[in-house]
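These are my notebook entries on a structure that I went through by element and by site. The sequence and model come first, and my entries follow.

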Amino acid sequence: MKALEEKILKEGKVLPGHVLKVGSFLNHQIDTPFMMEMGRYAASLFEGDKPNKIMTIEASGIAFGMAVAAALNLPLVFAKKKKSINVEDDLYSTIVHSYTHNMDYRVVVSKEILNEGDRILLVDDFLANGCALNGLMDLVEQAGGTVVGCTTAIEKGFQGGGDKLRAQGLKVESLAIIEKMDDRSLEFRK
Ligand code: 5GP
């Protein structure tokens, strides 16, 4: 999505550790009309896959998830990060390694909300190594649902998570894929 690439070039800041800061429009302050435009664009790529729910992970996936869900007129489920290590019978649970915080989280979703037969489109703000999406896929599998695909706003292609998922046969559509990034330059995949 050309407009997103332009916005990243204009407003993004590259931090040490290959972290891109886009808090001016994506995950701290949200440019709401632009977010809704991204949602409509992503939704158009998955209409034919007939999802019945959109799923993301709190907190920074929720805004883009909401935009995609609204464009498809579907509910948005967000998996929650939990501090307690207690396993509870009414929750599906998995462990996700956080790229930006360099720590493991337990991530849960209620068994009442994720159901057998669900066709889930996974959404997140960023795709780096793929840990967050893999964790969400694990939750959907535990529930007996199917992942119809994944969409992320920004994929850092050089970290390989997206291409690993594509190699497994999953449909992964990112609105901008960064191929190279340092504090002086940023290149997108053609
Ligand atoms: P992954 O699980 O694919 O390794 O990383 C994706 C998750 O880490 C996303 O949920 C996102 O919140 C966070 N993340 C990864 N890379 C970046 C980045 O460069 N910038 C920001 N703001 N978040 C990132």
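**Entry 1: helix α1**

I began with the packing of α1, whose buried residues pack against β2 (19-21), α2 (32-46), β8 (146-156), β9 (172-181) and β10 (186-188). I took contact to mean heavy atoms within 4.5 Å. Helices (H or I, at least four residues) and strands (E, at least two) are DSSP runs, numbered from the N terminus.

The model is predicted: local features need pLDDT of at least 70, side-chain atom pairs count only at pLDDT 80 or more, and totals for chains, interfaces and linings use all residues. Residues are numbered from 1 along each chain as its sequence is written, and side-chain values use heavy atoms, with hydrogens and water left out.

I then listed the buried residues of α1 (residues 2-11) and found L4, E5, K7 and I8. They fall within an arc of 165 degrees when seen down the helix axis, so they line one face of α1. The arc is that of the directions from the helix axis to the C-beta atoms. On the other side of α1, I noted K2, L9 and K10 as exposed. Buried means under 20% relative accessible area, exposed over 50%, and partly exposed in between (1.4 Å probe, protein chains only).

**Entry 2: S98**

I located S98 in strand β5 (residues 91-98). S98 counts as buried because its relative accessibility is 9%. Its side chain reaches the backbone nitrogen of H101 at 3.0 Å. Such a polar contact is a pair of N or O atoms within 3.5 Å; within protein, one must be able to donate a hydrogen and the other to accept it, and residues adjacent in sequence count only if both atoms are side-chain atoms. Leaving aside neighbours within four places in sequence, I found S98 in contact with M103 and Y105.

**Entry 3: the ligand**

I counted 17 residues around the ligand, the closest being L20, D124, G130, A132 and K156; a residue is near if one of its heavy atoms lies within 4 Å. A ligand oxygen is 2.8 Å from a polar backbone atom of N129, and a ligand oxygen is 2.7 Å from a polar backbone atom of G130. For K156, an N or O atom of the side chain is 2.8 Å from an oxygen of the ligand. The protein covers 90% of the 510 Å² of accessible area that the ligand has on its own; I note that accessible areas come from the Shrake-Rupley method with a 1.4 Å probe, and for residues only the protein chains shown count as cover.
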